[in-house]
Amino acid sequence: MKLNLMASLTLAFMATASLSQAQRPQLPGPDPNAPASNYNYHETFGPLFYTKNGNEFRAASGEPGPHYWQNRADYQLNAHLNDQTNEITGSEVLTYTNNSPQKLGFLWMSLEQNLFKQESRGTAIVPPTGSRNGGGGQVFDAGFKIKSVKAQLGAKGTFVPVKFLINDTRMQVFLPSSLAAGGAQLKLQVEYSFTPPNYGSDRTGVLSTKNGKIFTIAQWYPRMCVYDDITGWNVVPYTGPGEFYLEYGDFDYTITAPANHIVFGSGELLNPQEVYTSEQQKRWAKAAQSEQTVMIRSANEVIDAASRPAGKKELTWHFRVKNSRDASWASSAAFIVDAAKMDLPSGRKSMSISAYPVESDGVNAWGRSTEYTKKSIEYNSKKWFEFPYPNATTVAGIVGGMEYPGIVFCGYRSRGASLYSVNDHEFGHNWFPMVVGSNERLYGWMDEGFNTFINTLSTENFNNGEYKPNRPVDMHRTGAFFTRPDMESIMNAAAGIKERNNGTLLYSKPSAGLVMLREQILGPERFDFAFRTYIERWAYKHPTPDDFFRTMENAGGESLQWFWRGWFMNNWRLDVGVRDVKYVDNDPSKGALITLDNLEKMAMPVILEIKTKDGKTDRINLPVEIWERNAYWTFKYPSTSEIQSVTYDPDKVLPDYNPDNNVWTSK
């Protein structure tokens, strides 16, 4: 006989209701012995972590959608350096491609040198006690002097002056007619000049040395703001703490400097025969084939006029870098130069280069810089994604550590472990954000934190751990520091973090989160595959935090929303205590019932070390799902004798901030 749906449901309810109390499964009620807890599993494991569904631009799997787009900015740049006045005069032809589905009636450009003006927003927020941001207190005629802005619409049109409006570190350019959607192009021509600060937010500057000034020059041309599918125009002002968000394109640029200078820049030098002596060109050829560091210009040669081409007051250096988000350069008469080849997985040629003054030379100092960079890049190229540039140049200067495509600036006083660390870190940035172009202005942790994480692995690998930390990280102590009450969350915008918390929230806490995710949650194999997948998916594109979170879940095969919510979105703490041990029928040989309490808002998998009085030591791992609908958890351990102690997280790899309740011992 066929019953309709309503009749079936009614019979099922009546059958269930007719069961005796003894026949029904008994569900545990509240534990009257449980201590007070801040844990709320509905909040930690809530299902509504992602506020947006996938769409045609960004898929729910975390990969670019079928209609993902981004605009493009190609640059032709020419700059002239006056090393007496420090002034840089420049011209720029920008080719901008609008791949968006919207027409654009105006454009926005970044003028980061305007940060160093006395009236800038960034200067206004530097406290009286000082800051690494801003111009280091230097008062000078700072900022871009924009001499003209002209636009060319169409491939053969003439350049015509256009209206522009400068507000702090941004310039709005009003177009004579809208730039059409779907691939239309225009050219902008900008004439400008500026004087860099001696110390500019630890990202650019001028250092005086015994044999001349070292110019480490960045943010040196008006740059296109990003127009994307997330917020449209990204016009957050540059105030110093937040870094950069840039479009990709090709750069063809020249730097004209005094003839006694040597210039290094992002990308490939196209005219070495014009700017190096014949002997130096031979040394470069040798270095390109050498695993060991080759001296291109020695300390003795720095003061030898014969180490530079004769007959001209100035030389023009011509560089090109393709599919890049930026280009930077350095120039000095004081450079010692050495180099070696790098071994990349594909066999493509690339070189590690170091440029530094005599003040940086010495035992275990900058003479090892090329070695440090070479081995760091070789490791990361094999582990994650191949280094894409023809050169990796490390320049010693006033900047403590700053990254640009294929070139980094590092403190000239660094040596030994600190020099290895800064080289490894700044060149790690060539993966984040040079290849994976996240929005540093808003989410600095997506480049600083990810890079700090890969540094943990490259450091362990370097020379069999030459600079590896002497002891493992104590995550109990570190976790307490990371989650102290005055700490913001990782997801705060970079400019919205107290400066004293910057290092924690952009660098070390996200890195520690990825270490835990790799070692304690996913395991190295699953994590590494998912992390490589994220890099490959978003190489030369613009991922958001959701794109990273979704990729790690989809490629790693794990729902991790509880983890993102606790460690990244909120400043939650972890506190798990071992409450009690009882025995089945009071007989240890029948098994032990061990009870754990989750007392704070965060959840993590459980690691226990159990020691019994007969000398046995055992490790037990419990999944995070024990906390999915419980604030306390009792499980049966197959003991054969009385338990001596139960220790939660004995290796201190989880961020439990309160170790006082981590150990239960037999009375």
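How many disulfides does a search of the whole structure find? The search finds 0 disulfides, a disulfide being a pair of cysteine sulfur atoms within 2.5 Å.

Before moving on, note that this is a predicted model, in which local features need pLDDT of at least 70 and side-chain atom pairs count only at pLDDT 80 or more, while totals for chains, interfaces and linings use all residues. Residues are numbered from 1 along each chain as its sequence is written, and side-chain values use heavy atoms, with hydrogens and water left out.

**Stop 1**

Select C225, which is buried at a relative accessible area of 3%. Buried here means under 20% relative accessible area, exposed means over 50%, and partly exposed is in between (1.4 Å probe, protein chains only). Next select C410, whose relative accessibility is 0%, so this cysteine counts as buried too.

C410 in strand 25 stands opposite G401. Helices (H or I, at least four residues) and strands (E, at least two) are DSSP runs, numbered from the N terminus. Strand 25 (residues 407-411) is joined to strand 24 by 4 bridges, and the two run antiparallel. Two strands pair if DSSP finds at least two bridges between them.

Now widen the view to an open sheet of 6 strands, in the order 18-21-22-23-25-24 and with mixed pairing. Its edge strands, each pairing on one side only, are strand 18 (294-297) and strand 24 (401-404). On average, neighbouring strands of this sheet are turned by 20° against each other, direction ignored. Axes are lines fitted to C-alpha atoms, for helices over the stretch in contact, and angles run from 0 to 180 degrees between N-to-C directions.

**Stop 2: a loop residue**

Follow the chain to N439, in the loop between helix 8 (416-428) and helix 9 (448-461). Is N439 buried or exposed? N439 is buried, with a relative accessible area of 7%. Not counting residues up to four places away in sequence, N439 touches N234, F244, Y245, G444 and P543, where contact means heavy atoms within 4.5 Å.

**Stop 3: aromatic pairs**

Rings of Phe, Tyr and Trp (its six-membered ring) pair if their centres lie within 6.5 Å; planes under 30 degrees apart count as stacked, over 60 as edge-to-face and the rest as tilted. By this rule there are 59 aromatic pairs. One of them joins Y248 and Y540, edge-to-face at 5.7 Å centre to centre with 85° between the planes. This pair links distant parts of the chain, 292 residues apart. Y248 and Y540 are both buried.

Another pair to select is F563 and F568: their ring centres are 6.1 Å apart and their planes at 75°, so this pair is edge-to-face. F563 and F568 are each buried.

**Stop 4: helix 14**

F563 and F568 are among the buried residues of helix 14. Why is this helix largely enclosed by the rest of the structure? Helix 14 (residues 561-569) is largely enclosed because 8 of its 9 residues are buried. Show helix 2 (41-44), helix 10 (475-482), helix 11 (502-522) and helix 13 (545-556) to see what those buried residues pack against.
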